[in-house]
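Subject: Structure handover

Hello,

I am passing a structure on to you. Please look through it first; my notes on what was found follow below.

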Amino acid sequence: MWRAGGRARTPDGAPGDGLARWARGRAPWPVLTAALLVYLLSAGRMLGVRRTGMDNAVVVRAARTLLDGGSPYADKRFLYLPGAVFAALPQAPFADRTLTRAVPFVTAALVLAGVVLALRIFDVRADSRLAAAVTAGLALFLPFQAIVHLGNWTAASVVAFPAALLLALRGRWSAAGVVVGAAVALKPMLVPLLLLFVLARRWRALAWAVGLPALVSLAAALAMPRPQLFLTKTLPFLLHGQDDYAAPYDASWTAVLPRLGVPHHLAFVLGACAAVAVLGFARARWRTGGDEALRLVECGSLLMLAAFLVSRPSFVHYALVILPALVASVVVRGAAARQVWFWMPLVPQVAGVPWPELGGSRRHAFKDIVMFTGAAAVLALAVWRRRAAAAPKVTVSGAPYSLSSDPDPRNASETR
């Protein structure tokens, strides 16, 4: 073991790695400036797109309804936990026009903060070549353009996921639980990450991650009219995958497979089996060990992907929760992100590349399911190979033993 950035690292992240050394190196300032400019232009482009910030507008509308004395859950489009209503109150006084102009840039800033935190997990500088490449790449990435266009509150989880893993890596598991709990209180995106605390046997952190959103939601529910609508109206709406408006954008197996002719019940069974299998690989990844930063990122990503495969809905921008950390892991030897197959499912998500029959917004879920399934498959295969490589060898008094005959005679001293 050796020390890097004040924490223990395994030889897997050794600085002798040429790719890691190049990626960690400081990028020239013109390159950084160009990357940020492309990023900002991509976010600013959404100002001219119809219905920019529509998801954030739903939450703001719920906050204004609360101020007017109504129940936020009277609107079937408001699907967040009660705490989100109060978190949106600071936006309520602003005009819709102002919010429409500000939301794309605020959302882009949150995504960029998530990228910086993801890089810090692997001790990569914010002005590195890898940071510049990720920033410019996001500008051309459809999930980024989607989240900026919608102003979706998944952006909070894009920050919270790497922040929690970074805190856990530094031994601050309780703080990681608080971060996850705060994110869940806004939007229950990171609920699958609770299993990471179970795998690590960090019960106090798990208590924070569960207790904090429960207390916030209860307090917020008691402070609003007719909170029971969440249980009687909103929750059933969510469990049924929302409605026909959202269905074409849902990239879960349970939504896409029926569009390909698979019966709904069979699609659910297949999706559930895939999710259980991915959870099994997440457990195996945790037990495999290795570089601690890589273990946290890959295990956490597998847990999230298991939910993306089966839960309804699973939208394209959910990928931004895990992809920055996975891409940052490329500086570690043995990372799944170093395989070319990791990048292949992401190619259809490059903006501006036409795909026959899949160019329309109501058909891109077919590309999205390839991204989620492909990422899960590559991570699972990496776990399988890592476990096979780490299989213990049978030894006789410390010397490797082969089941085949040994052509070289052994010294008697070697078998004592």
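A salt bridge here is a side-chain nitrogen of Lys or Arg within 4 Å of a carboxyl oxygen of Asp or Glu. By that criterion, a search of the whole structure, which is a predicted model, gives nine salt bridges. One of them joins aspartate 75 to arginine 61, with 2.8 Å between the closest N and O atoms. This pair ties together distant parts of the chain, 14 residues apart: arginine 61 sits in helix α3 (54-67), while aspartate 75 lies in the loop between α3 and α4 (82-87).

On confidence, the protein chain has a mean pLDDT of 87, and 89% of its residues reach 70 or more. Two stretches fall below 50: residues 1-16 and residues 397-416. Beyond near neighbours in sequence, residues 1-16 have 39 contacts in the model, and residues 397-416 have 14.

The other item is a helix pair. Helix α8 (residues 154-169) and helix α15 (residues 292-310) have axes that come within 10 Å and cross at roughly 140°. Angles over 145 degrees would count as roughly antiparallel, so α8 and α15 are oblique to each other. Their crossing is right-handed. On the α8 side the contact is made by Phe161, Leu165, Ala168 and Leu169; α15 contributes Glu292, Ala293, Leu296, Val297, Gly300, Ser301 and Met304. Of the residues in this contact, eight are nonpolar, two are polar and one is charged.

Regards

Notes. Residues numbered from 1 in each chain as written. Predicted model: local features only at pLDDT ≥ 70, side-chain atom pairs only at ≥ 80, totals over all residues. Heavy atoms only, no water. Axes fitted to C-alpha atoms, helices over the stretch in contact; angles between N-to-C directions. Helix = DSSP H or I, 4+ residues; strand = E, 2+ residues; numbered from the N terminus. Parallel < 35°, antiparallel > 145°, perpendicular 65-115°, else oblique. Left-handed = near helix turned anticlockwise from the far one by under 90°. Contact = heavy atoms within 4.5 Å. Nonpolar A, V, L, I, M, F, W, Y, C, P; charged D, E, K, R; others polar. pLDDT = per-residue confidence, 0-100.
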